[in-house]
Amino acid sequence: MAESVGVKEVKVIEGVTCPFCGVTCDDLVVHVENGKIKEVKNACVLGKDTFMHHLEGWATPRIQGKPATIDQCIDAAAEILAKAKYPLIYGLDSTELQAQRKSIELADLIGANIDHTSSVCHAPSLQAVQTVGISSCTVGEVKNRADLVIFWGCNPAEAHPRHPSRYSVTAKGLFTPKGKKDRMVIHVDVRPTPTARMADAFIQIKPNSDYEIFSALRALLKGHELDQAEVGGVAIDEWKTLLEKMKSSKFGILYWGMGLTMTRGKYLNIVALLTLTQELNRFTKFQAAPMRGHGNVVGMAQVLTWQTGFPFAVNMSRGYPRFNPGEYSVADLLAHGEVDAALILAADAIGNFPAKMAEHLRSIPMIAVDPKESETTKVATVVIPTAQAGIAAGGMAYRMDHIPLVMKKVVDSPYPSDREVLERIIAKVVAMKNGGNGAPVRAGGARG
Amino acid sequence: MGRSLKIVGGEVYDPANGVNGAVREICVQDGKIVESCTGAAEIIEARNLVVMPGGVDIHTHIASPAVNAARGFRPEDHRHGLMSKRPGIRSGVGFTVPSTFATGYLYTKMGYTTVMEAANAPIGVRHTHEELIDIPILDKGIYVLMGNNEFILKYLKAGEMEKVKRYVAWLIRSLKGYGIKLVNPGGVEQWKYGKDVESLDDKVYYFDVTPRQILKALSWANESLGLPHPIHLHANRLGIPNNYLTTLETMHALDGSRLHMAHIQFHSYGGENWGGFCSKAVEIAEYINAHPNVTTDIGQVVFGDATTITADGPWQYRLYKLSKNKWYNQDIEVETGCGIVPYVYREKNYVNAIQWAIGLELFLLIRDPWRVFLSTDHPNGGPFIFYPWIIKLLMDKTFRAEMLKRVHKRVLSDTTLPKLDREYTLSEIAIISRAGPARALGLQHKGHLGIGADADIAIYPKDDDREQMFEHPVCVIKDGETVLQEGEIVGSRDGKTLFVIPPEVGEMDPEFKTEFENYYTIEYENFPIDVEDIPNPEAIPAGAAR
């Protein structure tokens, strides 16, 4: 039977993983009609927006502001990168694992610096874990067991909207059958946020006092008495009460956010927090975890770690990976004006960085690979639009607790995926390095 | 058509086929060992060289969420072992927890071609497969952690053994796993509220089942599913003085069934406390000698830096308290735990020196080389790159005597090592590092050079310094292609992922999906891994039920 004009092609795709944040909900139901997303069920407002507005603001392929084909853009990008002496590859959060994997291969090939958005987000958390370790767990442990949940310097109500219902506040699990009734939730921050509304208690502290507070709590935990009447603007007795709640919980967890990583003290705040929560294990089960994740930033840290040994701020200029935050981290590379070309993939560097860093990026050849127009694509030398990972390109994303989940392709895109663009740039750079004759590189054979 | 080659003039050690140093010609075609090549074949001259099957590691930790966490939290480890990129070869770093590409190259540089990743939480197996893609050259398989799985505990509590079996088959099939791993059965579940089990008959909180029940149930499920490898067991009480009694009791509990005891060195300790710490290698070896159902790998201690990585959360907490080193803990919903603590084994520390001696005692006291395998429990006892050093210790009693002068003097008085004269032969080394592990894994096409075997071959120089010999193969061939020559990787290629297809024993119950989603945090449909997601899969069929 011939299909009559006007019959709608309707697809309902279940178990879709949301690419927006590190909660990585994998229960979305997406309705697609004639190749367009019509409805998204189960998603929070952030996730829903990501799907419903994915057609808006698409980038277009261009070189120095003039329209070009994707092929021309890829050639131009490869040329910039092959010629660069000290290039930077940066961004990489709002994409999927295979593209991230390829970005590191490219960095290895051209001896680039490679860094991702953790660098300006939770990198201090990673450094703190490198310093003292961490006592942590997957979110399902919190769902099944936690009877005390502390949100410190983070605001899941607005930043990770489904974290509370899926994992940490109202979620019902094996030993928490009554959900919220089986849990005490405490919010600590410098100002009340919407998260305070879901908490049983809110403790308002003075800005930049976190390190002092964690240190005081550690002292109290060890049985020392403190001279001060208050720490961080809160009476010692209130801290003693909090500590008693922590010690008497059966399973406690402290979630932290950028309120700790990007304020005074930075990674030392987290070192103090992690040491406190580790030491609480003398009394009960106590865990801590960062509220990670714009997009798949956790996946990038994972694959960078397994391929190079380091989670961020990696330099390949000597032919092997080196790690030095403060030298090879994006902020420092740009602020010192060191890099001479940049590939920015799946992130808006210009839109988010301070003026001085953005200024250096504007002054060098820059390639932007992104589904959408941004402050970065506006000024990039080469713009390569791609299919949005998790919507128009499949792949894999990591949840904030390092659990990998498959992202489905729900609609088509006229543009190639991030992975494909990187593969083609790599092939082109390899061909150029082989003398420009386009011959494929010999696998391994050439020794010495 | 693949490459044809003939390896001529070499002294061949192929113990699975009874070849013990005879000069034989080995013919290879299309990646397999053949009777003779049909056409013109490339000749590899091996006169005055030793030819062996590629090495097979039955127990190592090279890729998993836990291994990657260890990499990420030990940047200090990655100032060593720098490997530069070359055309076709990726860069890498690392000593106890090397990066993925480096891991593939380092194993190849010792003549190893097949390795088994020994501990994987089910929900993390998808990650492990992704890491394995980036470990070149080697063939790899994954053991799946089941000894503290809350579904299994629940089924056991209800006495539903058939459900245990079906669930085990479902896990292996869904995850493309190779075998069943147990780590401190029951103890890791206890750790989720900060406790451990003290004995085989302690009850696990809420589930009311004992380690003994878990061991027996999973051993029964493994054997009735006909899986090629027996249950792979990290027993209870690892690392603790006097744990040898638990070890003996564990082996006794599974008397008559196939059993692989992992890193048994860590389970052969006597003494009431750390002060009285001593060797019980004699007792353990005696039991194994008398019980042909048991195989074991040693988990030999190597002096220097190590990274301890294990699902045994409670033990890692103890080690963190003992060593005061940094501590990483990650409990995994429904399934298991994970702990990581850096550690340094010191020659002059009496506990470390006795641990070192116990490993060697076990190697030398267990008489049947087909049932004892070379491992350091990498990187728990030390990095795998020290296998050649261990081989030298086993083959050269003069070298052992030199080492005995260096280590803590309690080794002389408190272990039998100074009295042991045995020296391993080359054939015995070929057994403990290739033929034996392949046989225990049920890998019929690995670990030997008979017709039809995979053409995974290592060619070593003859050198009286056995460490030098095994550290510097002249040539390594993987699937018929030369991957290493004169010490350099010359042809990186992708290895295969070996996985077992268990028999059909029925679908999971309809209500399982609901239960799964009640306790996990992902959708039931999103849990299984498609075989299409694995680039080079090789299915190994299960055998008949035992």
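**Exercise 1.** Which residue stands opposite Cys137(A) in E18(B)?

Solution. Start with the model: it is predicted, local features need pLDDT of at least 70, side-chain atom pairs count only at pLDDT 80 or more, and totals for chains, interfaces and linings use all residues. Residues are numbered from 1 along each chain as its sequence is written, while chains are lettered from A and ligands numbered from 1 in the order in which they are written. Next, take the strands (E, DSSP runs of at least two residues, numbered from the N terminus, as are helices, H or I, of at least four). Strand E8 (residues 133–137) of chain A pairs with E18(B) in the parallel sense, over five bridges. Pairing requires at least two DSSP bridges between two strands. Opposite Cys137(A) stands Asp331(B).

**Exercise 2.** Find how many residues of each chain are in contact, and which elements of chain B take part.

Solution. Contact means that C-beta atoms, placed from the backbone, lie within 7 Å. By that rule, 52 residues of chain B are in contact with 56 residues of chain A. Elements of chain B that each supply at least two residues to this side include helix H1 (65–73), helix H2 (100–108) and strand E18 (327–331).

**Exercise 3.** Trace the open sheet of chain A and name its edges.

Solution. Nine strands run in the order E5-E4-E20-E19-E18-E6-E7-E16-E17, with mixed pairing. Now look inside the order. Strand E6 (residues 88–91) and strand E18 (residues 342–345) of chain A pair in the parallel sense over four bridges. There, Gly91(A) has Leu345(A) of E18(A) as its bridge partner.

Conventions:
Contact = placed C-beta atoms within 7 Å.
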